[in-house]
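Let's take a tour of a protein model, looking at how its parts sit against one another. Have the sequence and the 3D view ready before you read on.

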Amino acid sequence: MELNFSPVHFIAVPLFAAFLLPLLGRVSQKLVTLVPGVVLLYLSVVAITLFPQAYDTPIVEIIAGWRPPFGITLVFGPLAAFLVTMITLIGFVVWLYSYRFIIREPLEKYYMLFMLLIAGSTGIILTGDIFNLFVFLEITAIAAYSLTAFLRDHNGAEAAFKYLLIGSFASAFVLLAIVILYANVGTLNMADIALRMGDVPDKIKLTIMILFIVGLGIEAELFPLNGWAPDAYSQAPSPIGAVFAGIVVKAAVYALMRVLFTLFDLPTSSHFLVVMGTITLLVAEMSAMRQQQIKRMLAFSSIGQMGLVLVAFGLGTKEGIAAALFLMFSHAVIKTMLFFSAGYLVFFSGHKNISDLEGMGREKPWTGFFFSLGALAIIGLPPFSGFWAKFYLLVSAANASHIFLIALILFSAIIEAVYYLRVVGRLYFKKFNDIEIRKTPFTGLLAMGILAIVTLVIGVYPDFIHELVLPAANELLDKAAYLQYAMIGQ
Amino acid sequence: MDQLLNIPAILAIAFAGSILVFITHSVFPKLRTAIILIFTILPAYLVWQLPADSGLVHFTLGGFDLSWGTNAYSRLFSLLIAGIGVLATIYSISFMKKRSRLGFFYLAFLTTISAMYGIVFSQDLLSLFFFWEIMTWASFLLVIYYSFEDQKAGIRYFVFSAIGAYSLLTAIVYLYSFTGDLSLAATFKVIPELDTTQITFITILFLLGFGVKSALMPVHVWAPDAYRSAPSPFTALFSGVLSKMGVFGMGLVLFKFMGGLEQGHIIREILAWLGGITALLATFYAIFQTDAKKLLAYSSIAQLGYITIGLAVGTPMSVMAAIFLALMHGIFKSMLFMGIGSVFLQTGSLDLNELTGLIRRMPLSFVTVLMGIITVAGVPPLGGFVGKWLLYESLITSEHYFLVAVTFISSTAAFLYLYRLIFSIFLGQEEKEFDHIKEVPWPMWVPMLILASLTMLTGLMPGLFFEPIAEAMKFLGFQQVNWEMSVLFNTWGNQIDLLAMSTSIFSVFLLGLAFITWKNYKTTRYVTTKDIHTSGEIPTENENLTYAVDFYRPFERAAAPVFKYKVTHFYESFAENAEHLFDLLRHVYTGNAQTYALYVVIFLVLLIVFSGWIFGIQI
Amino acid sequence: MIYYITSIALILIGMYAVLVKKNLIKMIIGLSLVDGGLHLLFIAIGYVDNKTAPIFSKESLTAADMVDPIPQALVLTAIVIGLAVTAVALAIIIRLYDHHKTLNVNKIRELKW
């Protein structure tokens, strides 16, 4: 029997599962916690199966038989394959962690929203139609707003409200950009738009681009549009914080890059990206250093890393984009591990402040170990994956003769080292006073363990990922090739 | 081919050892010692067996071409790592016996050693940096191991190391953008072809990077606290070997990178002066210390200053002096830290104002520290003399007279702190509270005595070291350097026969000792510490009244005005101001949802209004 | 033309409400206004003079007699999205009111810096 896998599954299956879960909840709670795991495992299998094929010739899936440029297409090229596989694997690990972490709240709601997040994120990455992009952006956003407020404390509601307010601005601007775009090119298919962009007057093109930059930049945590991010990351439940940092923002950055690279010409915005990316990086790292709460610190650190990714994209060369993708992958893995361990540290100690976490490393040795590993990895130390990511980025920057940029990036790395290592030091500092000796769930440890192994393996043998990101980077850069296979309907 | 696989094997075994210890530590504690020993001695043995000039092991990783191999220069340092590494490990097994979290300790300890092997065997810049960073974080973990006040020391260490490491990284990627080839061989070829500003830029970055590890002033501030905080067995390794990695790098930079370049002259002069200042100031700081480990730390910084002078001056004799001093420092500093560590283990204190009169209780440690002191002071018949002699000789012949004066002053001043060290701890009256102190177990004093005998050996037959050093220097580009087993030459044709000299000194010393003892035997009496004169004040039990307390107080008071301005203050105020700035910056995130929305709209408006300037097309 | 002006005016009024008004409910109303304005703009762009709705209601209608159907479809989707967002927003506001007892955005500022 030949298994007929198709990229549609990435969207359809979690979507279907999402709406099925409340029904299953009536039957048994156990089922509710297990089904998402099965779904994500299945999606991972699909992703890995389709992987080689996507790298060979991109799979273009036509929805409902309407050929492009009228219908919606899903484009599963190397870039999409890489990102989607990353998302499904991270999603699976998050499920593993959530299995025993989320125990109090109504489970169906959590997992349903989680499935929606997965469906939305993969949808953003797979789609070849710009309005479809908007729709998936919204799906992801609504699920995200709700999940931010999931824990029933007022801080969560406050964070969710800020996220919602700014996020709505994001959707408004993106929609406005689409409206003006449609008015000028008359089509919604991204490949088709790319073909017709040449006829649009420059001023209008720039307006549309700016609207996209601001709109998608809000989701991609560009400075100064990222005010919502620290609150949302720190107030959401820890696994969701990991999903935000590891999945959602990556999809948003992808969307921004797809628009900038494919619909517009990169050279216009590359300088802007490099500069704003650096500012994002610096402000975020500096703010992170003064944080008292551990999850908020991680949030700022994430923003900083995204700034780095934007800089890498902005460099515009094949190596630069490959570095950006490598950074995204490395960051997703490590940040997830950090959020997981921070989540346990906060949960078992009952304190959110770093100063109150003293000695937790001795109480919970494995959790402390994973946090320390994550801290070392994210600073960019060998032999972890973060080192290679940063190295590729610096090499690309050097090739473009941006020595000052290199200095700034390394300066922020030093700041990062200080605040992360301070926490690591505190973990082993004194004896922990409060009595709290519940055991850490095995699934959580397993999840963190998997991530740690991945980052170590890639750190020692980066070729695995390096070989995958180069063709993906090529796809983003090579507009002509994309147009060719995305427009098979023509 | 068989030979070529040795190096990856060494590294694999060494790293595997550290991971293995960590994993099996909680499960099979009894196995732990065995594993540690096997995985330390085996790589050391293999290193010993390596030929001086093996070929290169090439492989590709992550799209870069990497290569590992040895040359005479690397081999020298690898032997140092192997030797001191094994001895320190054996010492640590006994020292750390009753401590907690040993898995973590040995993970970091063995990883540091493995990383150091990696550094010396790297023949390309990326591998060098890769292992350099691993070494940095592994040693960081050990600095914060005890973690009482040590956090600050650890962070400070890491920040300075990071500054150095990132300077290295900047230089590496910058070079790579020119050459497209990361191997050292290619780098050696390319550098002469760059223009002066580029070469200066790269050299300064490299020297900064390696200088931090060598605790050169003004980037030395991490060293005293870091050496103090780390557990003594590791400090032996830290000060003895890790700092030599910086020396290793500096040698590469000064001689292989910059070779015979004219442009290098000014940089070398500045470096020599920095070395001199380091030596001088560090010696004085050492005199003021009351903590034994910190005293030794400053002493290390001073010694590294001498080594830097030697490297910077650049004549064949000075470089030989520098490398010889480097090896000697590796030996005697580890020895000293081990000795002091033994005292700490038995008494629980490192405070020179507290310790006293341990000579009868810990005779072996006494001998160790005594030999160490004599070597540091540069007095014959021990090895330090040879190094100092060569250094002075080379400075005089290259007409750096002022540096001779600086070196001489600091060497002489070194007597002050060296004497204090041994007097405070071992000599002087005995205190009751130390009555129960015993000597340390054999896994600790055997390495110490081995090292002590090495210092004696090199004092009598320095030729043993001269041979590999000369080979190493050939790699660095120097001509054949003259040496002989037991004889020191100077440029005017005179020579010292060390064996004869040492024998004569030794016999004179013994005769003198015998004479004094015989003369005063009948008139000696034992005094307790309470047998003193007081002016109306009655001393209490807890005051330490031994002779050595506050030894150099008057000296300190006299020199205090000069030493008010420490570089540390500068760094600390810089860090404080930076944190204030960051605090201001983070107030951007006001927490008010509407403000954030306003940011968005303002940003949009600004982008549109200034679109011409930002994007090139004005709306 | 009038439609463009109205829709842009709606958008601007909505943004004004979000940026200036302190009451949370008013801010959400502002968001809805922005959405409304955007939808109106979109449809207005698709509008062709004197053509009719893009529904095959009579046999004789051809594509040439209709306004652009795509904006209409898209706006339908967008309206639903806007509805969902408003619903979530109001739910969050209820939670916020429960805890803070106020709807003033300046007073709800516990997470800062």
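Domain 1 of chain B and domain 3 of chain B bury about 390 Å² between them, and carbon and sulfur atoms give 64% of that. Buried area here is the accessible area (1.4 Å probe) that two parts lose on being put together, summed over both. On the domain 1 side, Arg156(B), Pro218(B) and Val221(B) supply 68% of the area buried against domain 3 of chain B, more than any other three residues.

Where do these domains lie in the sequence? Chain B is split into domain 1 (1–178 + 186–261), domain 2 (264–496) and domain 3 (567–615), with bounds that come from an automatic or database domain assignment. The centres of domain 1 of chain B and domain 3 of chain B, taken over C-alpha atoms, are 39 Å apart. Their contact (heavy atoms within 4.5 Å) takes 6 residues from domain 1 of chain B and 4 residues from domain 3 of chain B.

## A note on the model

This is a predicted model, in which local features need pLDDT of at least 70 and side-chain atom pairs count only at pLDDT 80 or more, while totals for chains, interfaces and linings use all residues. Residues are numbered from 1 along each chain as its sequence is written, chains are lettered from A and ligands numbered from 1 in the order in which they are written, and side-chain values use heavy atoms, with hydrogens and water left out.

## Charges between the domains

How many salt bridges are there between domain 1 of chain B and domain 3 of chain B? The count is 2, where a salt bridge is a side-chain nitrogen of Lys or Arg within 4 Å of a carboxyl oxygen of Asp or Glu. Arg156(B) makes a salt bridge with Glu572(B), and their closest N and O atoms are 2.8 Å apart. On the side of domain 1 of chain B that touches domain 3 of chain B, you'll find 4 nonpolar residues, no polar ones and 2 charged. For these classes, Ala, Val, Leu, Ile, Met, Phe, Trp, Tyr, Cys and Pro count as nonpolar, Asp, Glu, Lys and Arg as charged, and the others, Gly among them, as polar.

## Chain B against chain A

Now for the interface between chains. Here 56 residues of chain B are in contact with 74 residues of chain A. About 6100 Å² is buried between chain B and chain A, 80% of it from carbon and sulfur atoms. In chain B, Phe582(B), Tyr589(B) and Phe615(B) lose the most area to chain A, together 12% of what that side buries.

Chain B and chain A share 3 salt bridges. Glu579(B) forms a salt bridge with Arg290(A), with the closest N and O atoms 2.3 Å apart. Several elements of chain B each supply at least two residues of the side that touches chain A, including strand 1 (57–61), helix 6 (150–179) and helix 21 (567–586). Helices (H or I, at least four residues) and strands (E, at least two) are DSSP runs, numbered from the N terminus. Helix 6 of chain B gives the largest share of that side, 13 residues. By class, the side of chain B that touches chain A has 40 nonpolar, 11 polar and 5 charged residues.

## Chain C

Chain C has 3 helices and 0 strands. Its C-alpha trace spans about 60 × 25 × 20 Å along its principal axes.
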